[in-house]
Amino acid sequence: MKLFRNISELVALERVVKHAAIAVENGRIAWCGPEADWTGRADSTEDLGGRAVIPAFIDPHTHAVWAGDRLADFEERACGVGYEAILARGGGIRSTIAKTAAESVQNLVALARPRIGALMRSGAATIEVKSGYGFTVEAELRMLEAIRELARVVKARLVPTLLIHIPPIESREDYIEAVVNQLIPEAAARGLAQAVDVFVEREAWSAAEALRFIECARAHCLEAKLHTEQFHRVGGLELGVLERVLSLDHLEACSPEQVQLLGASQTVATILPGVTLHLGIPAAPGRALIDAGAKVAVGTDLNPGSSPLYSMSTALALAVRLNGLTPEEGLRAGTVNAAAALGLTDCGSIEPGMRADFAVLESADWRDVVYSLGTNPVRDVFIRGERV
Ligand SMILES: [Zn+2]
């Protein structure tokens with residue numbers, strides 16, 4: 001048993017405990033509360049220096065495995081070149097797909113490892129990572145293999161997702177058949193993914209096609225989730241609510257009626273403010289979703305094209321500014337609600353029995369984690385009770 005003491009504020013589930021302590025045994029929280037109430041016996045103690053402690057973050061949405069970069073796209077866009085012109089000269093998402101599909105597993109792991117390190121330094125202990133830049137069955141499986149290898153070499157827990165991203169330019173029907181007959185069954189059989197994610201959008205997959213992928217995922221005991229209502233409304237949100245998927249992600253183009261529909265459901269609404277900042281698209285209606293009763297989560301959406309954001313604390317700081325969340329709602333969005341978006345129940349709050357995943361802030365006041373910009377408000381991250 002190890003006791004972490006001298007905590008100015010401990011943000012436990014639904015309450016803030018002043019002058020607190022946490023006892024950890026075998027990687028789990030054994031006890032937490034006001035330090036004065038501790039009566040147990042600890043084998044060792046660590047003084048956290050009068051700082052605030054929050055649950056470690058869970059990043060529920062990243063595309064952290066990719067090759068190449070989109071710096072030329074970024075510069076051109078800043079100079080006023082349109083997206084169509086960038087695509088026409090070979091930039092855009094298809095350049096990331098071509099570079100990623102050509103890389104070895106080993107190189108993909110080497111490229112992704114520092115990105116996971118940056119997310120961990122920002123306070124994340126559990127990180128979802130998607131495939132989706134593969135384009136062929138073989139390349140998608142290679143991305144998932146890279147995620148599995150990455151999970152072996154980093155201390156954070158990685159949650160792998162098979163993303164059915166965008167259709168090939170030719171042979172769309174053949175690709176759909178390959179996804180349902182080969183890709184999803186093989187990813188499931190080899191334990192390479194916990195969920196299947198589908199990008200439902202005018203330029204990607206229709207709701208009818210997404211339903212086929214969802215049904216196939218479930219037939220192989222995988223969870224389902226959707227990228228949806230990012231630019232257009234093509235029925236993804238309604239499908240996701242009807243099918244009770246784990247989470248619906250993006251939601252920038254949601255109508256007020258859709259906000260009510262999602263708010264009345266159990267599906268988590270995952271919003272991604274990094275995209276709003278980077279692409280200048282409208283912010284997802286986070287405030288309205290919470291008011292409608294939705295469980296809102298926030299992710300970085302770390303990816304080279306639309307959200308080069310390597311910090312969960314910054315994602316939450318943006319959600320407070322751009323999506324109208326309160327600091328407390330922001331913290332929930334990056335912890336307990338983000339856990340729900342991944343179907344996890346053993347992390348996201350500090351209470352007995354949970355994984356001892358927590359972040360020690362530089363500040364004595366937990367609100368600093370969504371307040372400070374341009375500096376890292378997180379001093380230390382503990383995963384299963386160990387400093388990482
Ligand atoms: Zn995404």
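How many bridges join strand S7 to S8?

Author: Residues are numbered from 1 along each chain as its sequence is written. This is a predicted model, in which local features need pLDDT of at least 70, side-chain atom pairs count only at pLDDT 80 or more, and totals for chains, interfaces and linings use all residues.

Strand S7 (residues 157–164) is joined to S8 by four bridges, and the two run parallel; strands are DSSP runs of E with at least two residues, helices are runs of H or I with at least four, and both are numbered from the N terminus. Two strands pair if DSSP finds at least two bridges between them. Within S8, Val198 is the bridge partner of Ile164.

Together with helix H6 (residues 172–189), S7 and S8 make a right-handed β-α-β unit; right-handed means that, with the strands pointing away from the viewer, the path from the first strand over the helix to the second runs clockwise. From S8 the chain crosses through helix H7 (residues 207–219) to S9, again in a right-handed β-α-β crossover. S8 and strand S9 (residues 223–228) run parallel and are joined by five bridges, with Phe199 opposite His227.

Because five of the five residues of S8 (residues 195–199) are buried, the strand is largely enclosed by the rest of the structure. A residue is buried if 20 or more other C-beta atoms, placed from the backbone, lie within 10 Å of its own. In a regular strand the side chains alternate between the two faces of the sheet. Here both faces are covered, with Ala195, Asp197 and Phe199 buried on one side and Val196 and Val198 on the other.

Notes: Buried ≥ 20, exposed ≤ 12 C-beta atoms within 10 Å, placed from the backbone.
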